[in-house]
Amino acid sequence: MPRSWFGHHVEDGLVSNAGLAALAHLCDRLPGRTPWLNRTFGGLTPHRVVGPSHTVFASARTVRFREMEYGVPLADLPEVMAEVSAAIRRRRWPVGFPLEIRSTAGDDLWLSMAQGGPRAFVAVHTVHGDGRARAYFAELERILVAAGGRPHWGKMHSLGAEALAGLYPHLGDFTALRAQLDPHGVFANEYTDRVLGPVG
């Protein structure tokens, strides 16, 4: 159902920001209560929202968080999520920040996460300052990469150019074109050197 102006601002301002930050910190301090806290918090937000994309997906975020997202082959999502869930239970991580799952059709764009076929995207978050974030991200990244997952270019991941070349079949085509169009690396930086390799 469409959200009212009041509902939109209450949900985004109060629940999705202040409430989410409070939930994550409570889960950190009371890990044994995490399942109950998640069930309670989950009931405060609508489960189905319909509207123009800019009113549904765009929202203000005042809570500071870190995010990693990988796109895995859509058909493999159930198996991947079973392994992710097992890892969370095994390590007893008090996950208070929701994992987000979305999907999209495949395309033919060289650096697209969905190049070559439909993908499911698994987004993992932690509140800024969570001391377990490094181990949490590393373990889930291992699972997602093993499933052929491709990282979101604008979010946290640990992969370099060599690993990414095995995940993005046209990465070499892109870097060759980049060398032609930007031979002096005017648009290069430390991050692009890591994920694409140096120019030339």
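**Before you start**

The model is predicted: local features need pLDDT of at least 70, side-chain atom pairs count only at pLDDT 80 or more, and totals for chains, interfaces and linings use all residues. Residues are numbered from 1 along each chain as its sequence is written, and side-chain values use heavy atoms, with hydrogens and water left out.

**Stop 1: the whole chain**

Show the chain as a cartoon. There are eight helices and four strands. Helices (H or I, at least four residues) and strands (E, at least two) are DSSP runs, numbered from the N terminus. Trace the chain from the N terminus and the order reads α-α-α-β-α-β-β-α-β-α-α-α.

Areas come from the Shrake-Rupley method with a 1.4 Å probe; for residues, only the protein chains shown count as cover. Of the 200 residues, 34% count as buried. Buried means under 20% relative accessible area, exposed means over 50%, and partly exposed lies in between (1.4 Å probe, protein chains only).

Contacts come next; a contact means heavy atoms within 4.5 Å. Among contacts with a separation of 6 or more, 66% join residues 24 or more positions apart.

**Stop 2: helix α4**

Select residues 77–91. This is helix α4, with 15 residues. Its end C-alpha atoms are 21 Å apart, which agrees with the 21 Å that it should span at 1.5 Å a residue. The expected span is 1.5 Å times one less than the number of residues.

Which residues of α4 are buried? Colour Leu-77, Val-80, Val-84, Ala-87 and Ile-88. They cover an arc of only 100 degrees around the axis, which puts them on the same side of α4. The arc is that of the directions from the helix axis to the C-beta atoms.

Turn to the other side of α4. Here Pro-78, Glu-79, Arg-89 and Arg-90 are exposed.

**Stop 3: Arg-92**

Step past the end of α4 to Arg-92. Arg-92 sits in the loop between α4 and β2. Most residues other than glycine have a negative phi. Arg-92 is not a glycine, yet its phi is positive, about 55 degrees. Is Arg-92 buried or exposed? Arg-92 is exposed, with a relative accessible area of 74%.

**Stop 4: helix α5**

α5 has 14 residues and reaches 20 Å from its first C-alpha to its last, close to the 20 Å expected at 1.5 Å a residue. Its buried residues are Ala-133, Tyr-136, Phe-137, Glu-139, Leu-140, Glu-141, Ile-143 and Leu-144. Their cover includes β1, α4 and β3. After α5 comes Gly-148, with a positive phi near 80 degrees.

**Stop 5**

A salt bridge is a side-chain nitrogen of Lys or Arg within 4 Å of a carboxyl oxygen of Asp or Glu. By this rule there are five.

Show the side chains of Glu-139 and Arg-90. They meet in a salt bridge (3.3 Å, N to O). Glu-139 lies in α5 and Arg-90 in α4, so the pair ties together parts that are 49 residues apart in sequence. Glu-139 is buried at 14% relative accessible area, whereas Arg-90 is exposed at 54%.

Arg-142 and Glu-139 are three residues apart in α5, so about one helical turn separates them. Arg-142 is partly exposed, at 43% relative accessibility.

**Stop 6: salt bridges at Glu-67**

Select Glu-67 and Lys-155. Their side chains meet in a salt bridge (2.8 Å, N to O). The pair links distant parts of the chain, 88 residues apart: Glu-67 in strand β1 and Lys-155 in the loop between β4 (150–151) and α6 (161–167). Glu-67 is buried at 15% relative accessibility, and Lys-155 is partly exposed at 22%. Glu-67, Glu-69, Arg-102 and Lys-155 are linked in a network of salt bridges.

**Stop 7: a nonpolar patch**

Trp-110, Leu-177 and Leu-181 make a nonpolar patch of about 300 Å². Patches are made of residues with over 30% relative accessible area and no salt bridge: like charges are joined within 9 Å, nonpolar side chains (Val, Leu, Ile, Met, Phe, Trp, Tyr) within 5 Å. Trp-110 lies in the loop between β2 and β3. Trp-110 is partly exposed, with a relative accessible area of 35%.
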